[in-house]
Amino acid sequence: MHDRPDPLDRLRARVARLGAPLCLGIDPHPDALPDELPRDVSGVERFARGLVEAAAEFAVAVKVNVAFFEAFGSAGWAALERLVADLPADHFLVLDAKRGDIGTTAERYAESLFGLLGADAVTLSPYLGEDTVEPFLAYPGRVVYVVTRTSNPSAGTLQDLAVGSAPLHEHVASWVAGRWTDGRVGLVVGATAPAEMARLRRLAPALGFLVPGVGAQDGDLAAALEHCHGIAAPGLVSISRGIASASRGDGWRAAAAASAQSWLGRMQEAGATLPA
């Protein structure tokens with residue numbers, strides 16, 4: 001994991017090969033595990049591994065939400081280490097951690113997620129400014145996705161606040177687009193806000209978008225595919241529960257594979273062309 005070169009080039013190649021930006025989301029809540037698995041850290045690890053084994057071939061990236069492992073303490077952290085170490089070598093790994101701190105604290109977060117776990121990308125909160133982002137960019141080639149306009153129901157409470165003539169999330173996008181231009185910093189933009197996504201694409205034409213909210217949250221797949229890719233970096237459309245929850249019975253692995261293959265097919269048919 002640690003020595004894989006050129007994460008963005010690897011992502012571009014896989015998107016081009018599969019013809020779609022499907023990202024396999026892994027959010028293994030103990031209460032939602034298949035019936036055959038125990039509601040503990042061993043069950044979470046077995047489920048996460050089963051999803052990767054069944055469905056990763058249909059995805060260009062894997063996004064792991066670290067909270068579902070951290071909640072188990074040291075045993076959960078060990079499970080996370082094993083999971084990410086065994087991911088297919090050509091996959092792009094996003095650790096969805098939404099960190100947001102500064103100085104030596106941010107440096108240690110970066111060492112944990114990039115140095116120790118070998119992630120290709122992480123999610124960050126922008127609230128503390130550039131000091132949150134820069135320690136992560138000290139790791140060559142790695143990618144940061146800045147939380148901008150999310151998919152949850154109360155996202156607009158703060159993200160849509162008017163700051164001058166524009167909502168706060170547009171200021172975040174303009175700030176990122178103006179400060180980091182090489183594709184290594186992108187935006188998290190939820191598919192449940194398609195109009196906002198379209199405006200953000202106009203404000204930030206170069207940036208890759210990480211788009212959650214398609215699937216269980218019933219976000220706009222067509223908008224996600226139209227707007228996810230930037231000129232400087234490809235985007236990702238993440239499906240988590242839409243694949244993981246395909247079945248809780250004995251056939252959950254086959255159901256996850258079938259669901260992932262179906263989502264890939266839908267994306268291929270709709271099209272999400274990489275910029276030339």
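**View 1. Asp-9 is a partly exposed residue of helix H1.** Asp-9 has a relative accessible area of 46%, so it counts as partly exposed, where buried means under 20%, exposed means over 50% and partly exposed lies in between (1.4 Å probe, protein chains only). Its place is in helix H1, which covers residues 7-18; helices (H or I, at least four residues) and strands (E, at least two) are DSSP runs, numbered from the N terminus. Asp-9 and Ala-233 are 224 residues apart in sequence, and their C-alpha atoms are 9.0 Å apart in space. This is a predicted model, in which local features need pLDDT of at least 70 and side-chain atom pairs count only at pLDDT 80 or more, while totals for chains, interfaces and linings use all residues. Residues are numbered from 1 along each chain as its sequence is written, and side-chain values use heavy atoms, with hydrogens and water left out.

**View 2. Eight strands form a closed barrel.** The barrel runs in the order S1-S2-S3-S4-S5-S8-S9-S10, with parallel pairing, and two strands are said to pair if DSSP finds at least two bridges between them. From one strand to the next, the twist averages 30 degrees. Helix H12 (residues 252-270) packs on the sheet, where it touches S1 and strand S10 (236-239), and its direction makes about 150 degrees with that of S1. Contact here means heavy atoms within 4.5 Å, and the axes are lines fitted to C-alpha atoms, for helices over the stretch in contact, with angles from 0 to 180 degrees between N-to-C directions.

View 3. Strand S1 (residues 22-26) and strand S2 (residues 61-65) run parallel and are joined by four bridges. Leu-24 stands opposite Val-62 of S2, and Ile-26 has Val-64 of S2 as its bridge partner. Five of the five residues of S2 are buried, so the strand is largely enclosed by the rest of the structure.

**View 4. Helix H4 has its buried residues on one face.** Helix H4 (residues 74-85) has 12 residues and reaches 16 Å from its first C-alpha to its last, close to the 16 Å expected at 1.5 Å a residue; this expected span is 1.5 Å times one less than the number of residues. Gly-76, Ala-79, Leu-80, Leu-83 and Val-84 are buried in H4. Seen down the axis of H4, its buried residues fall within an arc of 125 degrees, so they line one face of the helix, the arc being that of the directions from the helix axis to the C-beta atoms. An α-helix has 3.6 residues a turn, so residues three or four places apart point the same way. The buried residues of H4 pack against H2, S2, helix H3 (67-70) and S3.

**View 5. Helix H8 packs beside Gln-159 of helix H7.** Among the elements against which the buried residues of H8 pack are strand S5 (143-149), helix H7 (156-159) and strand S8 (185-189). In H8 (residues 168-179), the residues His-169, Glu-170, Val-172, Ala-173 and Val-176 are buried. Seen down the axis of H8, they fall within an arc of 155 degrees, so they line one face of the helix. Gln-159, whose place is in H7, counts as buried at 17% relative accessibility. Leaving aside neighbours within four places in sequence, the contacts of Gln-159 include Leu-168 and His-169.

**View 6. Lys-98 has a positive phi.** Lys-98 lies in strand S3, and its phi is about 50 degrees although the residue is not a glycine. Most residues other than glycine have a negative phi. Lys-98 counts as partly exposed, at 43% relative accessibility.
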